[in-house]
Amino acid sequence: MTQQKTILRALAGETLETPPIWMMRQAGRYLPEYRATRAQAGDFLSLCYNSELAAEVTLQPIKRYGFDASILFADILLLPQALGADLWFVTGEGPRLSTITDPSGLAKLKPADAIHEHLAPVYETVRILSRELPKETTLIGFAGAPWTVATYMIAGKGTPDQGPAHALKSADRATFEGIIDILTTSTIEYLSMQIDAGAEVVKLFDSWAGSLQGDDFHNYAIKPAQKIIAALKERHPDVPVIAFPRGAGERYIGLHAATGADCIAVDDGVTAEWAAANLQTGGCTQGNLKSSHMVTGGQDLIDEVKRIKAAFANGPHIFNLGHGITPDADPENVQLMIDTLRS
Ligand code: CP3
């Protein structure tokens, strides 16, 4: 079977002259059309659970820029909400959740197979997108990795150093590992359902992997990813998986083999040259332009796109940012990035 879509070709190990491109947070506040649809939906969570509007904002960056992939519009914190956590967003501050700090909090969570009713609107968004996306555009589903999602469930919010999660891990390892386990199991179910609904690739976001030290990195970043990917491969052997252990630094080495991921996404904490030499040898890479170039633009942006393209040119690669685009980005710089890459 020939793979036509460029991202699927790169994920299968093919080196392409022009790498495919998409962008983390490509549907977001830097786009006026996103802000308009979000205002129509009310708040951010209402937008996530409104399948028609969520599909509409997913399609906005595809219509404007013609990215090679679109990522389902949702959030990594919808899964803990489906498990029974309270979730709300405070404007200008970010997410808030009810906290889990002891065994009784863990015991209150629903079982992994009870998440689907709550998440049904997300699956419906995926079904709408698989009908409406241009035939050359790949649909990416996603979930947060267990450690990253656990840091929010334990602290009840985002934290600079994930202190509360590290503290629970030391004070009550059984409860901490219980949270990791239920997130691992429910993430398998969640991503499987996204695939059944039409996701062609799935991505695991471990945004806070970088704060895990020593054995903790192996036990709580690598092992859960490996379990999730192995289970997905058993059910859906043809669906590629991208893993994003942000902040892994030198520990990026060997992660294709250790996790079973088809592609490792690289943040901007390592250089493209380093990642090409030390990581791309294991399989497809994704990344890693600094998001700040989407704010500043200009010749620096052009030079960086060319440099990263050249660094990764000898192996399979998907062009992307090192992290999500920020609300203060200039939409014209996104176009400049794409034009430079494709010229
Ligand atoms: O990339 C995409 O376009 C797909 C949709 C997507 C969102 N969040 C939409 C969103 C994805 C893949 C995520 C992942 C996510 N969510 C992560 C992991 C990736 C990363 O960025 O590190 C994390 C840690 C979250 C949790 C989360 N969601 C936080 C901390 C915040 C607040 C910070 C902020 O940027 O405001 C969100 C809100 C959020 N998720 C927004 C969007 C578009 C902004 C909400 C708005 O419209 O106000």
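**A guided look at the predicted model**

Visitor: What is the predictor's confidence in the chain and in the complex?

Guide: The chain has a mean pLDDT of 97, and 99% of its residues reach 70 or more. pLDDT runs from 0 to 100. For the complex, the predictor gives an ipTM of 0.94 and a pTM of 0.97.

Visitor: How does the reach of helix α10 compare with the expected span?

Guide: The expected span is 1.5 Å times one less than the number of residues. Helix α10 (residues 173-197) has 25 residues, and its first and last C-alpha atoms are 36 Å apart, close to the expected 36 Å. Just after α10, Gly198 takes a positive phi of about 135°.

Visitor: Why are β1 and β9 called edge strands?

Guide: Seven strands form an open sheet with parallel pairing, in the order β1-β4-β5-β6-β7-β8-β9. β1 (69-71) and β9 (317-321) each have a single partner strand, so one side of each has no neighbour in the sheet. Neighbouring strands of this sheet are turned by 25° against each other on average, direction ignored.

Visitor: What makes β6 and β7 a pair?

Guide: Pairing needs at least two bridges. Strand β6 (residues 241-245) and strand β7 (residues 263-265) run parallel and are joined by two bridges, so they meet that cut-off. Ile242 stands opposite Cys263 in β7.

Visitor: How many bridges join β2 to β3, and which way do the strands run?

Guide: Four bridges join strand β2 (residues 87-90) to β3, and the two run antiparallel. Phe89 stands opposite Pro95 in β3. The hairpin of β2 and β3 has three residues between the strands, and Gly92 there takes a positive phi near 80°.

Visitor: Which residues does UniProt list for the domain "Uroporphyrinogen decarboxylase (URO-D)"?

Guide: The unreviewed UniProt entry lists residues 20-29 and 140-156. Over residues 20-29 the chain is 0% helix and 0% strand, with the end C-alpha atoms 23 Å apart. Residues 140-156 are 59% helix and 29% strand, with the end C-alpha atoms 27 Å apart.

Notes:
Residues are numbered from 1 along each chain as its sequence is written. This is a predicted model: local features need pLDDT of at least 70, side-chain atom pairs count only at pLDDT 80 or more; totals for chains, interfaces and linings use all residues. Axes are lines fitted to C-alpha atoms, for helices over the stretch in contact, and angles run from 0 to 180 degrees between N-to-C directions. UniProt positions are given in the numbering used here, feature names are shortened, and annotations may be inferred rather than shown by experiment.
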